[in-house]
Amino acid sequence: MAEISRLPGPVMDLWEWQFEGACRDADQDLFFHPEGERGSARRRRAEAAKAICATCPVLKECREQSLAVREPYGVWGGLSEEERAAVLAERAGRRVTA
């Protein structure tokens, strides 16, 4: 579950970037895997979602927001659940060794 305490407050400047997302006009099911989806079907769906993300003018904002709130599901900012977990682990490792 997302860390609700890390979500931005109701200040429009903090979330207005979302209106520019390339995904707003896309099928939202593309960004979230259905229960039981595995293997090549899951990979193809995620790659199609990431292709939309690659064209997005707010990719960086979306990615950083999803990492900040530890979004547990879906493709956000061009990253899958596993990719976000790897980025967070890498960031945590850098803080520990620095």
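**View 1. E47 and K50, about one helical turn apart in helix 2.** E47 and K50 sit three residues apart in helix 2, so about one helical turn separates them. Helices here are DSSP runs of H or I with at least four residues, numbered from the N terminus. This is a predicted model, where local features need pLDDT of at least 70 and side-chain atom pairs count only at pLDDT 80 or more, while totals for chains, interfaces and linings use all residues. The two side chains meet in a salt bridge at 3.8 Å, N to O; the term means a side-chain nitrogen of Lys or Arg within 4 Å of a carboxyl oxygen of Asp or Glu. E47 is partly exposed at 46% relative accessible area, whereas K50 counts as buried at 16% (buried is under 20%, exposed over 50%, partly exposed in between, with a 1.4 Å probe and protein chains only).

**View 2. K50 again, now with E83.** Here the K50 and E83 side chains form a salt bridge at 2.8 Å, N to O. K50 belongs to helix 2 and E83 to helix 4, so this pair ties together parts 33 residues apart in sequence. E83 is partly exposed, at 29% relative accessible area.

**View 3. R42 meets E82.** Their side chains make a salt bridge at 3.6 Å, N to O. R42 lies in helix 2 (residues 39–54) and E82 in helix 4 (residues 81–97), so the contact links parts 40 residues apart in sequence. R42 is buried at 19% relative accessibility, while E82 is partly exposed at 49%.

**Reading the views.** The structure holds seven salt bridges. Residues are numbered from 1 along each chain as its sequence is written, and side-chain values use heavy atoms, leaving out hydrogens and water.

How values were computed:
Helix = DSSP H or I, 4+ residues; strand = E, 2+ residues; numbered from the N terminus.
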